[in-house]
Amino acid sequence: RVHSSKDIRSAFIKFYQEKDHTFVPSSKVFSPEDQSLLFVNAGMNQFKPIILGNSDDKRFSSHLKRAVNSQRCIRAGGKHNDLDDVGADLSHHTFFEMLGSWSFGDYFKDVACKLAWEFLTDICKLSSDRLYVTYFGGCDILGVKADIETRDIWLSIGISPERVLPCSPKENFWEMGETGPCGPSTEIHYDRNPANRFAPEEVNVDNSDIVEIWNIVFMQYNRINEKSLEPLHSFHVDTGMGLERITGILQGNKSNYDTDLFMPLISKLREVCNSRPYQGKVGSEDLDGIDCAYRVVSDHIRMLTIAVADGIYPGLRDRNLIVRQVLRRAVKSGIDTLKAPRMFLSSLVPTVVSSLASAYPDLKNKQNEIINTIDSSERQFYDLIDKGTGTVMFAMSKMKPDQTIFPVDTMRKLMLWGYPEEYLLRLTSDKGVTVDQPELKKLLEKRTLDKTKKTKQSVQIDVLKVQKSLKDLAFSKTEIVSSSDLKNAGG
Ligand code: ATP
Ligand code: MG
Ligand code: MG
Ligand code: MG
């Protein structure tokens, strides 16, 4: 049976609601209360005050013991930066929805694992012989023992032992920061290829057919310093499953893109660009890069729609800068690879809105604002491209016959404006002109440095604000975390 993404989202929420979980609406994709994060990158972000034991925070009732939601997340920039994977693979997005469930000081490992398993096998009807689970295999350096309790819970459910795999702290130990709440996690993975038959010693969740779908974190320790942990005053469960991944599986064991969340967008894009159909190829099989471009543009327009709807406009700093970069990346992929006509991007917005409006009704009211914002930022980019291209052509027309290297001062100016370096390289090589590569590299490095410097500075100020308000935390046994910890917190 094919499930629509909308049905999967509501089935998840209903399943947990029937088990006494309160539905908590998604927060925006950035949190004015928590300036330590560029974007909300996991469902738990908005619950941090509960986890930190901050009873002053009025957002949630102190009676909230079990919660469920579907959270809009962005992982571009910051600690979780998946931007480089987007388009190149089939499972990472800049914007995605995380289906989450929580227990705050209520049930712990046994119930959490059993509920997740019941949802996947009873509600989603996934066959248990395609599922794998990982648990924390222990780590001397962290001073934490293997999570045998979780392993035994999975075994007691009847999962065969070769499918229950110990993993390293990198995958299966979660920490909010260098100090503070932390604990082992257990993750559920799915093998998309029904033909796979692994011998027990061959089982490996890094296989490219196997995709991680659900992360279940058990917050049971408080890290006091590098070497010591103490038990948390109350234990919490935090789980998150990617809606696009589970939808891909339930709509035919395919990728996130072969779903009702992306296919309408890819079709619309094809119509706008008059390009060849999407074939789902990746890496070296995607010879002309067209499939990758389809993925990049359809991913990025979702991120842009949600970001603008939540009040993050393309700009020059921090999260606004990332939104602008994502917009320009989408425009370049569209124009250069898919041969889209100029001003194509915003025509995809209504498709995004209609696919997500049932979960986030507010999107409909904001559609015009989103379109106008994207249009004006896209137009600005073409102004830059045209001005830059004119400058490149003019500079080349002024070059003396014996001059073969593009004038460095003009190149400096172009890079300062943010003119795409690949355009400079293409235009010059078309005319047989070379550029001073080491100088270009230096300029590009400076460009990113300047940007991150700005980003760091303004994050720093925000972090100080957060630190100040954190001083009164009920969780006072822990030392106040440093600003760099805060920047890494969450997710
Ligand atoms: P991966 O190892 O695939 O990068 P992760 O371990 O970083 O995922 P978690 O932080 O554990 O992901 O998040 C919980 C779930 O959210 C994942 O199991 C996955 O289903 C989903 N998810 C994480 N990152 C992305 C992303 N960039 N795009 C889509 N879904 C994602
Ligand atoms: Mg990841
Ligand atoms: Mg992972
Ligand atoms: Mg994970």
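Which element supplies the largest share of the shell around ligand 1? I find that strand 8 does, with 4 residues. Before going on I note the conventions: residues are numbered from 1 along each chain as its sequence is written, while chains are lettered from A and ligands numbered from 1 in the order in which they are written. This is a predicted model, in which local features need pLDDT of at least 70 and side-chain atom pairs count only at pLDDT 80 or more, whereas totals for chains, interfaces and linings use all residues.

**Entry on the ligand.** I looked up the 17 residues around ligand 1, and D82, H92, F96, N215 and G242 come nearest; a residue is near a molecule or strand if its C-beta atom, placed from the backbone, lies within 6 Å of it. At least two residues of this shell come from each of strand 3 (95-104), strand 8 (210-223), strand 9 (229-242) and helix 6 (243-250), where helices (H or I, at least four residues) and strands (E, at least two) are DSSP runs numbered from the N terminus. Sorted by class, I have 6 nonpolar, 6 polar and 5 charged residues in the shell, with Ala, Val, Leu, Ile, Met, Phe, Trp, Tyr, Cys and Pro counted as nonpolar, Asp, Glu, Lys and Arg as charged, and the others, Gly among them, as polar.

**Entry on the domains.** I see the chain divided into domain 1 (5-253) and domain 2 (263-435), with bounds that come from an automatic or database domain assignment. Their C-alpha centres lie 33 Å apart, and 20 residues of domain 1 are in contact with 18 residues of domain 2, contact being C-beta atoms, placed from the backbone, within 7 Å of each other. On the side of domain 1 that touches domain 2, helix 1 (5-17) and strand 2 (66-74) each supply at least two residues, and strand 2 gives the most, with 3 residues.

**Entry on the core.** Which residues touch the most other members of the largest nonpolar core? Among its 106 residues I find I74, A116, I301, L304 and A307 in that place; such a core is a set of buried Ala, Val, Leu, Ile, Met, Phe, Trp, Tyr and Cys residues joined through C-beta atoms within 7 Å. Helix 8 (residues 290-309) gives the most to this core, with 12 residues, and both domain 1 and domain 2 contribute at least three residues each. Leaving aside residues up to four places away in sequence, A307 touches V29, I74, I312 and V323.

**Entry on single residues.** I then turned to D20, in the loop between helix 1 and strand 1 (22-23), where phi is near 65 degrees, a positive value in a residue other than glycine. D20 has 11 C-beta neighbours inside 10 Å and therefore counts as exposed.

**Entry on confidence.** The mean pLDDT of the chain is 89, and 91% of its residues reach 70 or more; pLDDT is the predictor's confidence in each residue, from 0 to 100. I marked residues 454-491, over which the pLDDT is below 50.

Key
Buried ≥ 20, exposed ≤ 12 C-beta atoms within 10 Å, placed from the backbone. Contact = placed C-beta atoms within 7 Å.
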